[in-house]
Amino acid sequence: MSNACAAGEIKKPHRRCFSSVKPTRKQETRMRKDDSAKVWPLKYKQLLHVEDQNSAVRPGFGGSPVGIDVQVESIDSISEVNMDFTMTFYLRHYWKDERLAFPSKTNKSMTFDHRLIKKIWVPDIFFVHSKRSFIHDTTVENIMLCVHPDGNVLFSVRITVTAMCFMDFSRFPLDTQNCSLELESYAYNEEDLMLYWKHGNKSLNTDQHISLSQFFIEEFGASSGFVFYSSTGWYHRLFINFVLRRHIFFFVLPTYFPTVLMVMLSWVSFWVDQRAVPARVSLGITMVLTMSTILSGVCASTPQVSYVKAVDVYLWVSSLFVFLSVLEYATVNYLTTVKTGKISGMYSIDAAQAMAFDGCYHDSTTDTDQTSFSLHSEEDSMQERCTGNLSTDSPPIKRRKLLGGQVGRIILENNHVIDTYSRILFPIVYITFNLFYWSIYV
């Protein structure tokens, strides 16, 4: 018994000591954080009356104003083939919702993230003619909500939008494109919601380092207007307008410069000997095939439109010059063949020359061995026969036929003159074309 009592006496003080231990400072700090984490959601819900309001009902009636402010971060890409552009920007909404007003002694606003958005009313802005759009969500959704004590709300979101741009390529690649991104309320017409630029023309701000590889951004502007739908009425619409001017040097090196070189190389054949048939023919065919390759490459990188573009005019005219240089040598080679007596056919040299240059039909009764005669004796006999035929014609007809025969003989005897004239005429005409082209499109 004495041992049991002693044990009981020993245990009692031990219980008293355990119950009297006080919590440490770390434990007190944790308890306070847990209590604040539980109280803060209740506090903002009570202050903003979030639980008492319906997020589907807009604040106020009779055209509640919603201000818009845009900060353009970047223009990511411009696609001529798809006729669209991709833009990343910060879209800020301003409106007043008296249901969110709360008392504050310091007049400080309260800032929230995306978790509060589903519990309050926000404007239903959408982008007209948009193909794709998304809100950035790394590391969380890029949404910010700022509520002031008087009920004014700022709702900011970071968005990337791919929208259509109706482009005109008639002056491509010397063109200037006007694109716009259009904002509009989807459900509320002008009687229920009024969209306007918060700070007027200063509502649209851009980053100074925005640049594109093919375009120079000439102008950024904000405008507004109305649009009418037959089933629902008039709606407010805001426009983000920007003007893009294409860098011409992007197309000078891969398109225009090689084209000019090909045309100039085709003129080299004018200085090559007429008897070097393989050299001149291979040079002309090579230039034609190279121009075809340049044409196909440009067509593959530009949109398929039903009208003629400026680059098409330049390439096709340049191709025509290359083709004419090939035809020029074909003419020179034919005249050289006629002059040397190597033409083959059912007519002799004498008859072929007469038919080609004086328009008279001559029956060839001579044997093919007569081609061994000199060219002067054949020309004399041809002139005598033509003179006999001219005696039966009237004087004007005689002079016309005589002049035609003389011109034909001059060309036949001096076919190298064609190359001489081509060396001068081809460059002059091509330079004149370039002057007209660049003065019209630039």
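## A tour from a hairpin to a ring cluster

Begin by selecting Gly-151, which takes a positive phi near 100° in the hairpin of S6 and S7, where 4 residues lie between the strands; strands here are DSSP runs (E, at least two residues) and helices are DSSP runs (H or I, at least four), numbered from the N terminus. The model is a predicted one, in which local features need pLDDT of at least 70 and side-chain atom pairs count only at pLDDT 80 or more, while totals for chains, interfaces and linings use all residues. Residues are numbered from 1 along each chain as its sequence is written, and side-chain values use heavy atoms, with hydrogens and water left out.

Next, select strand S6 (residues 143-147), in which 4 of the 5 residues are buried, a term that means under 20% relative accessible area, with exposed meaning over 50% and partly exposed in between (1.4 Å probe, protein chains only). Strand S7 (residues 152-164) runs antiparallel to S6 and is joined to S6 by 5 bridges, and two strands pair if DSSP finds at least two bridges between them. Look for Val-147, which stands opposite Val-153 in S7. S6 also pairs in the antiparallel sense with strand S3 (residues 110-112), over 3 bridges, and there Phe-112 has Leu-145 of S6 as its bridge partner.

Now move to Asp-84, which is placed in strand S2 (residues 84-96) and counts as buried at 7% relative accessibility. Leaving aside residues up to four places away in sequence, Asp-84 touches several residues, including Ser-77, Lys-131, Thr-162 and Cys-165, where a contact means heavy atoms within 4.5 Å.

Phe-321 lies in helix H5 (residues 310-340) and Tyr-430 in helix H9 (residues 416-441), so the pair ties together parts that are 109 residues apart in sequence. Rings of Phe, Tyr and Trp (its six-membered ring) pair if their centres lie within 6.5 Å, and planes under 30 degrees apart count as stacked, over 60 as edge-to-face and the rest as tilted. Both Phe-321 and Tyr-430 are buried, and ring pairs link them into a cluster whose members include Tyr-256, Trp-267, Phe-433 and Trp-438.

Finally, show the whole protein, whose secondary structure comes to 9 helices and 12 strands; of its 442 residues, 37% count as buried.
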